Amino acid sequence: MSQSPRSPQSRPLDAIAIAVTIGLCLSWGFNNVAIKLAIHDIPPLLQSSARSAIAAILVGAWTQARGIPLLKRDGTLAAGILAGVLFALEFLLIYRGLLWTTATRAVLFLYLAPFFVVIGSRWLIPGDHFDRWQWLGLLLSFVGIVVAFGLPTPAADPHQALGDVMLVGAAAAWGATTLVIKASALNRISAEKTLLYQLVVSAPLLGAGAFIFGEHIDAVPSAIALGAFAYQALWVVSVTFAVWFALIVRYSAARLSVFTFLAPLFGVAAGHLVLHEPLTPAFAVAVALVALGLVLVNRPR
């Protein structure tokens, strides 16, 4: 059955959705700084596993307080497990890939994710596809990221090439997670249950990854590391991810995904404010290109 242009499958973002999405991207930008602050004391896969486990407890308590049914047979188990596996795979590929490639290259390859969502939406989500102006907006936004972080040169060695491929795989896993939530039975349940599927499945998988790769904590983490980890677990994973999944169900997944280009730019700004990392003139150009791209993606048809 065909979908109307204003159906939840393809509904354009209204002012409230845009404001909320920008707030989420701001939170995710500061999350990049939080990971940097904690990573020396808490290895990355252990961070991811622990924050999933803690967030699962918090979100589970929230669902119980609100009376949201979790064990009801609603046909979402298979899709939920798949989303959880993709969620774990995304972070596993990001953190292991970063061992072999640079952070700058990682950002560029990871933010191919919106392209996977837009292409997948055309086939999996009726009515949610881009016209030529929206494609131009998507490309302009990505060019903005390239301006901010630099055009990647050919891989210096096979290990760097493997790291690059792993980050592209992480982008594909991120995009696939979005598409699974939008196109499966998960779009009929609460955002909290959707998030719980991913947290409950990803926590042991990421924990197993940490064990396999020999991650361990040598000493009691510093107060800064614990604070940065708490920000990730209590706010980013427990709250912002649930809000993001709710938006995916209610609005065009393709249009929403393009807004994620703001997150690395907010990350650069956060690094400047918190870690005193330098800002270059190219950053202003990058912001302008991403903003222009977002305007084109969200222009009325």
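The model is predicted, so local features need pLDDT of at least 70 and side-chain atom pairs count only at pLDDT 80 or more, while totals for chains, interfaces and linings use all residues. Residues are numbered from 1 along each chain as its sequence is written, and side-chain values use heavy atoms, with hydrogens and water left out.

Helices are described first. Helices are DSSP runs of H or I with at least four residues, numbered from the N terminus. The expected span of a helix is 1.5 Å times one less than its number of residues. Helix H7 covers residues 158-183. Its 26 residues should span 38 Å at 1.5 Å a residue, and the end C-alpha atoms of H7 are 37 Å apart, which agrees. Asp 157 caps the N-terminal end of H7. A side-chain oxygen of Asp 157 lies 2.9 Å from the backbone nitrogen of His 159.

Helix H11 covers residues 262-274. Its 13 residues should span 18 Å, and the end C-alpha atoms of H11 are 18 Å apart, which agrees. Buried residues have under 20% relative accessible area, exposed residues have over 50%, and partly exposed residues fall in between (1.4 Å probe, protein chains only). In H11, Leu 262, Ala 263, Pro 264, Leu 265, Gly 267, Val 268, Ala 270 and Gly 271 are buried. These buried residues pack against H1, H4, H6, H10 and H12. Just after H11, His 276 takes a positive phi of about 60°.

Several single residues show how the chain packs. Contact means heavy atoms within 4.5 Å. Thr 21 lies in helix H1, residues 15-38. Thr 21 has a relative accessible area of 0% and is therefore buried. Leaving aside neighbours within four places in sequence, Thr 21 is in contact with Leu 13, Trp 244, Leu 247, Leu 256 and Phe 259. The C-alpha atoms of Thr 21 and Val 243 are separated by 8.9 Å, although the two residues are 222 residues apart along the chain.

Ser 202 is found in helix H8, residues 191-212. Ser 202 is buried because its relative accessible area is 0%. The side chain of Ser 202 reaches the backbone oxygen of Gln 198 at 2.6 Å. Not counting residues up to four places away in sequence, Ser 202 touches Ser 52, Gly 84, Phe 87 and Ala 88. Gln 134, in helix H6 (residues 132-149), is also buried, with a relative accessible area of 0%. A polar atom of the Gln 134 side chain lies 2.8 Å from the backbone oxygen of Val 297.

Other residues have more accessible area. Ala 103 is found in H4 and counts as exposed because its relative accessibility is 54%. Ala 230 is found in H9 and is partly exposed, with a relative accessible area of 28%. A nonpolar core is a set of buried Ala, Val, Leu, Ile, Met, Phe, Trp, Tyr and Cys residues joined through side-chain atoms within 4.5 Å. The largest such core has 80 residues. Those with the most contacts inside it are Trp 28, Ile 145, Leu 186, Phe 241, Phe 245 and Phe 261. Helix H9 (residues 223-250) gives the largest share of this core, ten residues. Phe 245 touches Ile 181, Ala 191, Thr 194, Leu 195 and Gln 198, not counting residues up to four places away in sequence.

A cavity is a set of points where a 1.4 Å probe fits but cannot get out; a pocket is an open set with protein on both sides within 12 Å along at least five of seven lines; lining residues have an atom within 4 Å of a point. Grid points are joined across faces, edges and corners, and a volume is the space filled by probe spheres set on the points. The largest pocket has a volume of about 1,200 Å³. Of its 44 lining residues, the closest to its centre are Asn 32, Ile 35, Val 107, Leu 110 and Tyr 111. One cavity of 30 Å³ or more is found in the whole structure. The largest cavity has a volume of about 40 Å³. Its lining includes Trp 174, Trp 244 and Thr 260.

Key
Helices (H or I, at least four residues) and strands (E, at least two) are DSSP runs, numbered from the N terminus. A polar contact is a pair of N or O atoms within 3.5 Å; within protein, one must be able to donate a hydrogen and the other to accept it, and residues adjacent in sequence count only if both atoms are side-chain atoms.
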